[in-house]
Amino acid sequence: MISEKAPAKINLTLDVLQKRPDGFHEVEMIMTTVDLADRIWLKPLDRGITIRSSERFVPNDKRNLAWQAADILRKKFDIRSGVEITLDKNIPVAAGLAGGSSDAAATLRGLNRMWNLGLSLDELAVLGASIGSDIPFCVYGGTALASGRGEQIQHLSVPPNCWVVLAKPPISVSTADIYGGLDIQSIEHPDTAGMMEALASADYENMCKKVGNALEPVTMRLHPQVSVLKEQMLKFGADTVLMSGSGPTVFGLVEHESQVARIYNGLKGFCPEVYAVRMMGERINLA
Ligand SMILES: C[C@](O)(CO)[C@H](O)COP(=O)(O)OP(=O)(O)OC[C@H]1O[C@@H](n2ccc(N)nc2=O)[C@H](O)[C@@H]1O
Ligand SMILES: Nc1ncnc2c1ncn2[C@@H]1O[C@H](COP(=O)(O)OP(=O)(O)OP(=O)(O)O)[C@@H](O)[C@H]1O
């Protein structure tokens with residue numbers, strides 16, 4: 001049996017440049033992995049792909065991104081045997097934290113080992129891109145600038161050490177609806193280059209100043225709870241707060257562990273899903 005860790009990501013920046021003829025949006029976003037992770041287990045089967053999950057809201061058929069990752073490898077390399085994929089979910093579902101994408105990326109890395117395919121992370125990322133825009137980043141993890149529709153990856157420096165408090169309000173957000181609700185002309189563009197400089201110089205304060213997400217106003221308009229949560233987190237002492245991805249999870253950054261408890265305990269009262277984690281920031285190696 002093979003096991004792989006599948007970490008969540010947060011967006012330190014997310015900029016949308018334009019809508020493309022294929023319906024996707026041209027983006028520029030800086031993402032980094034945090035120490036909140038699913039674990040996937042791969043068990044050889046004679047045939048077929050089956051999914052078991054600890055989380056009842058996750059589909060256990062071909063709608064599961066991990067199923068699609070296994071399917072693409074089986075078809076491309078004419079693999080006759082099968083696999084049972086067990087997902088130990090810790091990352092909240094449909095949260096803006098790329099949980100499903102990270103499970104798919106971990107499945108690609110794990111099956112590459114189990115089926116002795118000898119593929120590089122770059123090759124796995126290309127295969128992952130055909131399933132979802134966030135999967136290439138999740139294949140490498142770490143910290144990166146993602147462009148195109150999210151599949152072009154440029155690796156960046158590890159962020160300065162800090163704590164991340166994540167809070168997911170109990171609402172569902174459709175990524176397609178949030179992109180669809182954007183008015184391209186009125187976007188307030190985050191300073192992507194400024195964030196890259198802050199990371200390169202490991203400047204925590206500047207990193208906090210440069211966070212920004214063009215999708216945040218769209219999600220907040222549809223779900224005012226997200227802005228309430230953001231205000232609360234700032235009130236409880238976070239140095240900066242931003243929505244991740246298309247939401248609805250918001251994250252707050254603090255430099256010292258001693259600042260975490262006030263935010264965590266303050267939010268726990270009215271938000272059911274709160275997590276205090278560290279930024280991991282380092283890339284995943286092929287085992
Ligand atoms: C919001 C983010 O999670 C930020 O990291 C990503 O941009 C979305 O990544 P994802 O969930 O892997 O997205 P996909 O599964 O590829 O696409 C879901 C839907 O989001 C919209 N979409 C996604 C990515 C992109 N660059 N432009 C888009 O318009 C499209 O309507 C698409 O049908
Ligand atoms: N392995 C999986 N884990 C969780 N959800 C999955 C998985 N595979 C497919 N899904 C489906 O994908 C939807 C989005 O779930 P996911 O947790 O990946 O969202 P997300 O964190 O918002 O992703 P992203 O940040 O990439 O937009 C869920 O509603 C679920 O039905």
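For this talk, Ala, Val, Leu, Ile, Met, Phe, Trp, Tyr, Cys and Pro count as nonpolar, Asp, Glu, Lys and Arg as charged, and the others, Gly among them, as polar. By that scheme, the shell around ligand 1 has seven nonpolar, ten polar and two charged residues.

Some ground rules. This is a predicted model, where local features need pLDDT of at least 70, side-chain atom pairs count only at pLDDT 80 or more, and totals for chains, interfaces and linings use all residues. Residues are numbered from 1 along each chain as its sequence is written, with chains lettered from A and ligands numbered from 1 in the order in which they are written.

Back to the ligand. The shell consists of 19 residues, each with its C-beta atom, placed from the backbone, within 6 Å of the molecule. Gly132, Ser133, Asp134, Arg149 and Gly245 are the closest. Domain 1 (2-155) and domain 2 (163-278) both contribute to the shell, so ligand 1 lies between them; the bounds come from an automatic or database domain assignment.

Next, the annotation. UniProt, in an unreviewed entry, puts "active site" at Lys9 and Asp134; such annotations may be inferred rather than shown by experiment. The two are spread over 126 residues of sequence, yet the largest C-alpha distance is 9.4 Å.

Are they buried or exposed? Lys9 is buried, with 29 C-beta neighbours inside 10 Å, and Asp134 is buried with 30. The cut-offs are 20 or more other C-beta atoms within 10 Å for buried, 12 or fewer for exposed, and partly exposed in between, with C-beta atoms placed from the backbone.
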